[in-house]
Amino acid sequence: DIAGIALRWCPAGTCTMGSPPSEAERRPGEDQVRVTLTRGFWIGQYEVTQGDWKRVVGPLPGYPTGDGDRFPLGWVNFAEAEEFCRRLTEAAHASGALPAHWQFHLPTEAQWEYACRAGTTTATSFGDTLTSRQANFKGASYGSPEQGPSLDRATPVGSYPPNPWGLHDMHGNAFEWCRDWYHARLPGGADPDLRDAKSTAQASENGDYSRARRGGCWADQGWPCRSAFRLRFEPERKADHIGLRVVAVRP
């Protein structure tokens with residue numbers, strides 16, 4: 001743990017982002033690209049919780065998602081999510097728990113999907129199906145006739161099985177902000193990070209200032225919980241089903 005955040009290591013490596021044409025319920029913007037993460041990074045084992053926010057920042061940024069500190073944070077916009085990362089970095093540097101040349105950030109889309117897949121190439125890290133016994137989502141299972149419970153609410157983080165790298169709720173529970181501007185096509189290559197000035201200018205020219213969010217949530221069905229699913233969201237907006245997960249990186 002660093003500053004109260006449980007972390008898991010993601011080693012440097014290569015993966016294919018996006019979904020093949022044969023994947024059920026695939027959407028535009030998921031054409032496959034090959035990406036390489038040239039440096040390993042740490043990622044939150046869980047989504048940021050209400051307790052994490054209160055410990056690092058203070059009062060919640062909106063309504064509670066449940067009665068308890070282990071529920072995932074909701075009602076947080078992009079700027080507030082980044083401010084959490086900044087304050088977490090300051091606290092971890094001050095305590096000596098995080099080396100000075102490391103920082104907490106929101107994950108890029110490439111980091112997020114790489115960690116979500118955890119070496120898998122299927123629609124989810126559990127295979128080409130997903131049931132509501134494996135993840136917290138609403139309604140029908142994805143690719144499976146099995147019907148598990150449909151809670152229609154958030155659950156405490158870690159209530160469902162982890163992926164192969166020990167990460168919980170990468171599928172379902174709360175959508176998670178990513179650092180990138182949303183682009184219609186996935187970026188390929190080494191360490192793609194679409195947040196720089198050029199990307200900002202391009203987003204402005206296209207009239208789209210949306211950021212990317214990943215992972216599906218308790219309010220959606222199973223298919224948006226796929227590893228490749230991505231969705232845009234205006235950075236100033238908030239919702240009860242959108243939160244965040246942090247990464248610790250060496251810039």
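His168 sits in the loop that links α3 and β6; helices here are DSSP runs of H or I with at least four residues, strands are E runs of at least two, and both are numbered from the N terminus. This is a predicted model, so to speak of local features takes a pLDDT of at least 70 and side-chain atom pairs count only at pLDDT 80 or more, while totals for chains, interfaces and linings use all residues. Residues are numbered from 1 along each chain as its sequence is written, and side-chain values use heavy atoms, with hydrogens and water left out.

Is His168 buried or exposed? His168 is buried, at a relative accessible area of 10%. The cut-offs are under 20% for buried, over 50% for exposed and anything in between for partly exposed, using a 1.4 Å probe and protein chains only. Leaving aside residues up to four places away in sequence, His168 touches Gln45, Tyr46, Gly158, Tyr160, Pro161, Pro162 and Arg245, where contact means heavy atoms within 4.5 Å.

Strand β8 covers residues 211-214, and both of its faces are covered. Arg211 and Arg213 are buried on one side, Ala212 and Arg214 on the other. As a general point, side chains in a regular strand alternate between the two faces of the sheet.

On one hand, β8 pairs antiparallel with β6 (residues 175-181) through 3 bridges; pairing takes at least two DSSP bridges between two strands. Within that pair, Trp177 has Arg213 as its bridge partner. On the other hand, 4 bridges tie β8 to β9 (residues 230-233), again antiparallel, and here Arg211 stands opposite Phe233.

## Helix α3

How many disulfides does a search of the whole structure find? The search turns up 0, taking a disulfide as a pair of cysteine sulfur atoms within 2.5 Å. Cys225 is in no disulfide, and its nearest cysteine sulfur, that of Cys217, is 7.1 Å away. Cys225 is also buried, with a relative accessible area of 0%.

For Cys10, the closest cysteine sulfur belongs to Cys15, 11 Å off, so it is too far for a bond. Cys10 counts as buried too, at 1% relative accessibility.

The largest pocket has a volume of about 370 Å³. A pocket here is an open set of points on a 1 Å grid over the protein atoms alone, with protein on both sides within 12 Å along at least five of seven lines, and lining residues have an atom within 4 Å of a point. Grid points are joined across faces, edges and corners, and the volume is the space filled by probe spheres set on the points. Of the 19 lining residues, Gln111, Asp193, Val249, Arg250 and Pro251 lie nearest the centre. β5 (103-105) and β11 (247-249) each supply at least two residues of this lining.

The second largest pocket holds about 160 Å³ of space. It is lined by 13 residues, and those closest to its centre are Cys15, Thr16, Arg117, Thr120 and Thr121. β2 (13-17) and α3 each supply at least two residues of that lining, with β2 giving the most, 3 residues.

Key
1 Å grid on protein atoms, 1.4 Å probe; cavity = no way out; pocket = protein on both sides within 12 Å on 5 of 7 lines; lining within 4 Å.
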